[in-house]
Amino acid sequence: MNPWFGRLKQATYNTTFMYNVRMLIAFTGTAFVPYLLNFQLATIPLTLGVVAAGISDIDDRFSVRIMNLIYTYIGFFITAASVQLLFPYPAAFAIGLIVSCIGWILLGSLGRRYATIAYGCLVVSVYSMLGVHLFEQWYLQPALLVAGAAWYGLLSTISFLLFPVRKLQDQLSASYHALGSFLFAKSNLFDVDMTPSSYQQSMIDLALENGKLISIFNDMRMALLTRLKGDRGQKDTRRSLQYYFVAQDIHERADSAHIDYQKLAKIFQHSDILFRFQRILTIQGKACQDLANCILTRTRYVHNKRFKHSFENLRLSLEKLHADQVYDQVRINALFALYQNLKSIDAQLQNLETERNIQLINAQQVENQLKDDDLKGWNDMMVRVKQHLTPESVLFRHAVRLSIVLFIGYIFIQLTHIAYGYWILLTALFVCQPNFNATKRRLYLRIVGTLIGIIVGLAIIYFIPSLQGQLVMLVLSGVLFFELRSKQYAQATAFITILALINFNLDGSAFAAGLPRLIDTIIGCALAWFGVSFIWPDWKFRRLPRTIQRSLQAQCKYLAEVVTQYHQGRNNALNYRVVRRAAHNNDAEVASLISTLATEPNIDPTQKAQAFEFLCLSHTFLSYIAALGAHRERIEDPAILSVLDQALDDIQGALLRDEVPDLSSQNMLQSIRERLSRNDENDQKSLIILQQLSLILSILTRLSMLKQSLSHEPREDGTEFASL
């Protein structure tokens, strides 16, 4: 009995398995309960209600989860009922379509929770259009859609009560897995065979991995925050909080740069030292991913014994380089600083299981360690919405763009009376994304997935004529759709198409709907492409200059906080972590924005090259600051403190006020280099500070020039305009 119990317990640790079980129960209920009640037509809205609710599912603490479900059901019913009541009146329906689309999308300005509910309501509105003819009573389809959503809500709530911290642990595991990927990307910078082009690509890859990691950190922070509010004493939540802080500290140390890696590869290309650094970073990345798996399986993390041997050999190699005096001792000192940083990461990983209980000592103090970004009342809500009532807002442009696309699609349906035309609106809704790049990726995948789904779906209906067999395939298609929707978009589209065709077959119209479904998908994709290409396209409202400015402001603020702590002493309190997170968030936004430039039509090659060069230098700048932050400690030497203050003023002047770095800055850099060359081994802390300032100032002029150059962007006709 024990082995079976162990296997069952292990299965419950598999989040994917448990999620699929939940979806299996949900779709089985919507498929077979109407069958048993001899009301098979109800399967259509019930199933679509489950789909909409699954898309709108939000992770939160229990009390807020219940309120979210209530808001979702109210929104679903009002939306579906409005479609039913306005459908016979095309003019009123068209106006309602535009107003509701803009309103629901702008609701997303209040936060992800409201954005998710709003998107579910938009999906329900189009689902209601597809089934408006199914029932005579206007209220029956809205009620069944809500019933399907409530059925899913009941199952998700039961799952939450059984495994209250499951989602939190999944996000914590994802954080360490992404941290491992970041360390792997960082290890590529120690490749001695890198060329200038491969180095730039490695820096771009590192910046993009950093962006993914920061996004996951933000999700983790919100999950922690909502649980700390609702459960003030749960041990697992506080343990996860400690893991989160350790991950942040590892990230700051791993992202730090103590030297120019490109020069380093040339200088030490015939030495084993870089291979040793690369190997340690690689096995630390593997250790983070092993820890991620331990979190998922609820097993104790065991630190790899190879680390001790690897660090010992690295230390001996560094001491030999130092004793030989063949290489510049400034660079040797930088390598020693990097060694200490990696040792600190090793210590964090090794002691994680013992240090995690420290945060349990003072519960109230822990709760104040995360910044609460939640809504503060009606005034806060109004302020957030008003901030987006401008064409410069991505959210506002998407709201107007999508509403126009849906309106054009509706007019087309009314004029042509095309069969099953409301699939056009559903396709446009799913495919049309806030930016051109995301929409372009979905266009091809949507069409291919729909074509495959139609072929397979019609084959299923033909070869499995029994209703029971088709309902089984409907259930499996629904489960596979949710399993794949965030991983494989084309396959997920194929399975939701199969589900739709089986639904259509419940009223005997599956074969008649097959070809129209494909045609409607192509038309919907064409409308989505038209919308993102010609209705306030991204490149007409380039956010790059403002995003760059915000990023540099955040990085300078981060540097200022680090300098303050060199004056006052190390402090990892809320303010420091807030400015550090803001710097990384803005850096990730720059990386995301620049990475989409290549997909835009008529992009200027010079601007593209400058943007990617800026991305590399900007992330390098942030890495140099992170290294200063990793070693921050109170300094008593007034000369060093004076150099820090002067450097901060010069950096802010060059990057924030567009001042050309003057002779005083260059002279200061020279004096720093002279002091480094004297190599006062009794003051290693000062040497690290001076080395980092030297690195920052060495890229300051080029970074400032690129920032100013990218503040003016070329129009498609070749002229330039100032950024909006």
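**Entry 1: aromatic pairs**

I searched the whole structure, which is a predicted model, and found 24 aromatic pairs. I looked up F217 and Y244 as one of them: their ring centres lie 6.0 Å apart and their planes stand at 85°, so I recorded the pair as edge-to-face. Since F217 belongs to helix 9 and Y244 to helix 10 (residues 235-255), this pair ties together parts that are 27 residues apart in sequence. I noted F217 and Y244 both as buried.

I then turned to F396 and W536. Their ring centres are 5.9 Å apart with the planes at 35°, so this pair is tilted. F396 sits in helix 18 (residues 394-416), while W536 sits in the loop between helix 23 (510-534) and helix 24 (544-568); the pair therefore ties together parts that are 140 residues apart in sequence. F396 is buried, at a relative accessible area of 17%, whereas W536, at 28%, is partly exposed.

I also recorded one aromatic cluster, formed by F87, F93, Y410 and Y422.

**Entry 2: charges over rings**

I found R166 over the face of F163, 4.5 Å from the ring centre. R517 is placed over the face of W423, at 4.1 Å from the ring centre.

**Entry 3: salt bridges**

Side chains of opposite charge can pair when their charged atoms come close. I noted 18 salt bridges in the structure.

R65 forms one with D57, where the closest N and O atoms are 3.7 Å apart. R65 counts as buried because its relative accessibility is 6%; D57, at 28%, counts as partly exposed. I recorded that R22, D57 and R65 are linked in a network of salt bridges.

For K487 and E483, the closest N and O atoms of the salt bridge are 2.7 Å apart. E483 has 17% relative accessibility and so counts as buried.

For D649 and R657, I noted a salt bridge with the closest N and O atoms 3.8 Å apart. D649 is partly exposed at 40% relative accessible area, and R657 is partly exposed at 43% relative accessibility.

**Entry 4: the second largest pocket**

I looked up the second largest pocket and recorded a volume of about 580 Å³. It is lined by 22 residues, of which D260, K263, Y624, L695 and S698 are the closest to its centre.

Which helix gives the largest share of this lining? Helix 29 does, with six residues. Among the helices that each supply at least two lining residues are helix 9 (196-230), helix 26 (605-630) and helix 29 (684-709). By class, I noted nine nonpolar, six polar and seven charged residues in the lining.

Technical notes
Residues numbered from 1 in each chain as written. Predicted model: local features only at pLDDT ≥ 70, side-chain atom pairs only at ≥ 80, totals over all residues. Heavy atoms only, no water. 1 Å grid on protein atoms, 1.4 Å probe; cavity = no way out; pocket = protein on both sides within 12 Å on 5 of 7 lines; lining within 4 Å. Points joined across faces, edges and corners; volume = space filled by probe spheres on them. Helix = DSSP H or I, 4+ residues; strand = E, 2+ residues; numbered from the N terminus. Nonpolar A, V, L, I, M, F, W, Y, C, P; charged D, E, K, R; others polar. Salt bridge = Lys/Arg side-chain N within 4 Å of Asp/Glu carboxyl O. Buried < 20%, exposed > 50% of the residue type's maximum accessible area, 1.4 Å probe, protein only. Phe/Tyr/Trp six-rings, centres within 6.5 Å; stacked < 30°, edge-to-face > 60°. Lys NZ or Arg CZ within 6 Å of the ring centre and 35° of its normal.
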